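The entries below follow the order in which I looked things up.

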Amino acid sequence: MKLSELHTGERGVIVKVNGHGGFRKRIQEMGFVKGNTVTVILNAPLRDPIEYEIIGYKISLRREQAEKIEVISEAEAKSMMTEPEDLSALHSDDRYLQRLAAERRKVIKVALVGNPNCGKTSLFNIAAGRHEHVGNYSGVTVDAKQGNFEYGDYRFELVDLPGTYSLSAYSPEELYVRKNLIDDTPDVVINVVDASNLQRNLYLTTQLIDMNLRVVMALNMYDELLASGDKLDTTQLGYLLGMPIVPTISRTGEGIEKLFDIVIQIYEKSDPHLARHIHINHGSEVEQSIERLKALISKTEEIRHKYSTRYLAIKYLENDKEIDSVVEALSNRDEIIAARFEENNRIRSLMGSGLESSMVDAKYAFVQGALAETYVPNATRRRKSNITDKIDAVITHRFLAFPIFFFLLYLVFSGTFAIGEYPMRWIEWLVSHIGAFVGSAMGDGWLKDLIVDGVIGGVGSVLVFLPNILLLYLFISLLEDSGYMARAAFIMDRLMHRIGLHGKSFIPMIMGFGCNVPAILATRTIESRKSRLITMMIIPLMSCAGRMPVYILLAGAFFPRHAGLVLLGLYTLGIALAVLAAKIISRFFKDDDLPFVMELPPYRVPTAKSIFRHTWEKGRQYLQKMSGVILAFSVALWFLSYFPNHNAYDTVAEQQEHSFIGYIGKAIEPVLEPLGFDWKMGVGIISGVGAKELVVSTLGVMYSEASSDEASLQATSTESTEVSTDKKSTGETADTPSGSTRLQHALLKSVTPAGALAYMVFILLYFPCIATFIAIKNEGGGWKWAIITAVYTLLLAWVAAFITFNIASLLA
Ligand code: GDP
Ligand code: MG
């Protein structure tokens with residue numbers, strides 16, 4: 001009987017807890033575990049909650065919760081008793097009740113769910129020894145048939161449900177199946193799947209996953225799969241879907257015993273690795289909608305008793321009629337209805353289609369991704385039906401995949417820098433004019449210097465990168481929204497696994513070439529915590545756009561003929577060390593490396609709005625970093641280089657030497673000397689802690705020579721930003737010496753080529769900038785990972801620069 005039916009003062013022993021996974025987990029954590037004795041303290045009719053005592057604690061449950069718990073009561077036990085002497089046993093201890101409960105527990109309710117014609121009734125007949133009509137057309141099973149049988153030590157109550165393609169509330173069959181799953185709560189669901197038509201059959205499976213039930217898959221018609229010559233990795237597919245898969249041939253009965261063995265194991269949870277609850281990833285936009293609705297629906301605590309709230313949110317967003325009426329009964333229904341309306345509009349304007357179809361797409365993308373990893377159709381039989389399949393045949397082709405991928409990457413990066421040059425010039429122009437204007441409008445004094453050099457100069461030197469960053473993210477968004485990135489992640493997956501990462505780590509790493517901060521945030525899509533943390537820790541080795549001007553300045557000055565080669569070498573070094581670091585770091589992690597499906601959404605032309613929004617979203621993170629951390633840092637830097645003695649020397653360089661920053665630079669000089677750096681370069685390194693974009697402007701100030709006539713702090717700090725655009729003109733335009741060429745001359749005089757090379761290596765590798773550091777702390781869940789990253793990158797930078805300097809010195 002149900003626990004809720006026990007009267008005040010009565011005792012019962014728990015047989016089992018019914019309901020969806022989340023509910024069972026919560027209830028069992030409260031102590032309502034099979035075999036435990038519950039005593040009713042107070043169960044007043046019509047009163048909620050009911051008070052119980054279990055394992056020495058008093059606990060109250062809502063009536064709905066108590067209804068989901070099955071118990072055996074003393075009264076029941078008595079009625080089953082034959083021997084009179086047992087009666088005393090009943091009162092003296094719980095052992096008798098417990099034995100009965102254990103026996104009762106041996107009854108397992110199983111429901112068969114699957115598409116029409118996948119062989120459910122055949123399976124049912126074989127298992128239950130019945131002769132229900134089997135037919136090769138849909139609609140044969142109009143209602144549920146129940147059959148009981150014994151197997152092993154268990155008694156099975158098997159229900160053959162009507163066949164459905166989906167679990168939406170459209171057809172009576174679908175409603176019937178859903179009602180059975182939610183109200184009659186089978187202990188285990190057998191999802192019967194037609195192995196010869198996986199794509200369509202697995203769609204229903206994704207909906208069972210949403211419901212958070214205990215599911216075992218019967219991969220039926222396995223004979224047809226074998227005969228067709230198709231190959232399927234059932235073990236891997238089972239890992240990906242989070243459920244055990246048993247191949248069956250229900251026409252002959254092959255695999256059916258094994259199937260029920262697994263059902264028993266799932267029921268008894270004897271092997272925790274057999275099943276796990278996964279979430280189908282609907283893509284970041286739709287997931288955002290799901291989260292919002294889930295939070296609103298969860299405000300009504302009781303709703304969790306019957307439904308998984310995630311399932312409710314998903315179904316409600318799909319405009320499910322039945323869930324509509326569930327929500328109708330909630331106290332905050334108006335809020336929920338409004339939220340769905342808003343989310344639907346948001347998704348529609350972003351993706352061009354409403355939530356309902358976006359969800360369907362996402363589920364097919366999941367199925368597509370799971371099959372792409374596990375299923376190889378027989379080559380002779382393979383036929384490409386739709387456009388996505390045709391495109392995929394080329395893009396994920398064994399030999400073509402990588403060349404296409406690298407070609408696209410090349411296009412993205414060359415496009416970014418070629419197009420980015422123009423807006424970069426405009427911004428530079430604007431910043432220098434604003435600086436000049438403010439400079440002329442303000443009276444001389446430290447305040448003017450602070451505004452012009454500290455604020456405008458510092459932030460301006462970072463602002464020039466905004467076009468490049470936005471362009472890079474524009475291209476990445478285009479690749480993401482068109483569906484290509486998912487394929488890129490897919491083809492990289494195998495390689496990434498070798499270094500302890502996941503295919504999904506790949507996109508954040510590419511984004512890291514723009515700016516590390518949005519890249520760190522983009523790791524959110526990685527389900528495995530291990531992969532996610534490692535990805536975050538190696539992203540700083542991806543050379544962001546902020547490091548580019550240092551390379552251009554130094555490579556242009558010291559290796560003018562091989563500047564391109566040096567740049568390429570630096571990027572490659574970063575990637576190679578990232579791979580190495582990932583390999584080493586992954587050793588320190590426990591293997592939580594559960595496989596996850598990489599969704600393969602259909603290709604589509606991205607909408608302008610969605611591209612714009614996704615680009616902006618990433619660009620905004622960059623701007624935020626600029627407005628906060630960089631502003632503060634450049635003001636602090638200005639302060640340190642301005643005081644004390646800001647009026648005591650004739651030249652900027654001398655003044656710098658005797659400022660705080662000069663003192664700090666000199667203090668760290670001994671550490672940097674073995675790398676071939678002088679103290680001025682050390683100051684550059686310190687400023688790069690705030691943002692690597694600041695290194696060049698700082699060097700500009702440090703090396704401003706006494707001889708250059710108008711080498712005021714202002715002129716150098718703003719002009720030095722031109723370096724980045726002068727990459728092509730360095731050397732050619734020697735007749736019009738700009739800040740950068742002047743700086744290059746100064747550097748040539750005081751640094752050796754080996755030192756310059758080592759400096760670039762150091763800038764590439766050392767400390768992720770403050771903003772990235774904070775991003776790692778926030779996303780990684782604590783200072784620990786941020787600090788580890790900072791320390792290891794610093795050590796790595798020093799060692800790599802040391803090696804570079806010494807080898808280069810030998811060769812020179
Ligand atoms: P239901 O609609 O899911 O109940 O499917 P049925 O049990 O009525 O089976 C549909 C058809 O598939 C029947 O013709 C069965 O004989 C056939 N069938 C069932 N299981 C298998 C199997 O494992 N292999 C093959 N080749 N045919 C099967
Ligand atoms: Mg049937």
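I looked up Arg-155 and found it partly exposed, because its relative accessible area is 32%, where buried means under 20%, exposed over 50% and partly exposed in between, with a 1.4 Å probe and protein chains only. Its partner in a salt bridge is Glu-150, with the closest N and O atoms 3.3 Å apart; I take a salt bridge as a side-chain nitrogen of Lys or Arg within 4 Å of a carboxyl oxygen of Asp or Glu. Glu-150 is exposed, since its relative accessible area is 56%.

I note that this is a predicted model, in which local features need pLDDT of at least 70 and side-chain atom pairs count only at pLDDT 80 or more, while totals for chains, interfaces and linings use all residues. Residues are numbered from 1 along each chain as its sequence is written, and side-chain values use heavy atoms, with hydrogens and water left out.

I then turned to Arg-178 and Glu-322, whose side chains meet in a salt bridge at 3.0 Å, N to O. This pair links distant parts of the chain, with Arg-178 in helix 7 (residues 172–183) and Glu-322 in helix 15 (residues 321–328), 144 residues apart; helices here are DSSP runs of H or I, at least four residues, numbered from the N terminus. Arg-178 is buried because its relative accessible area is 1%, whereas Glu-322, at 30%, is partly exposed.

Next I checked Arg-292, which forms a salt bridge with Glu-342, the closest N and O atoms being 2.9 Å apart. Arg-292 has a relative accessible area of 31% and so is partly exposed, and Glu-342 counts as partly exposed at 43%. Both belong to a network of salt bridges that also links Glu-285, Glu-343, Arg-346 and Arg-613. For the whole structure I noted 30 salt bridges.

My last entry concerns Glu-74, which lies in helix 3 (residues 74–80). Is Glu-74 buried or exposed? Glu-74 counts as buried because its relative accessibility is 19%. Its side chain makes a polar contact with the side chain of Arg-11 at 2.4 Å, a polar contact being a pair of N or O atoms within 3.5 Å, of which, within protein, one must be able to donate a hydrogen and the other to accept it, and residues adjacent in sequence count only if both atoms are side-chain atoms.

How values were computed: Chains lettered and ligands numbered in written order. Helix = DSSP H or I, 4+ residues; strand = E, 2+ residues; numbered from the N terminus.
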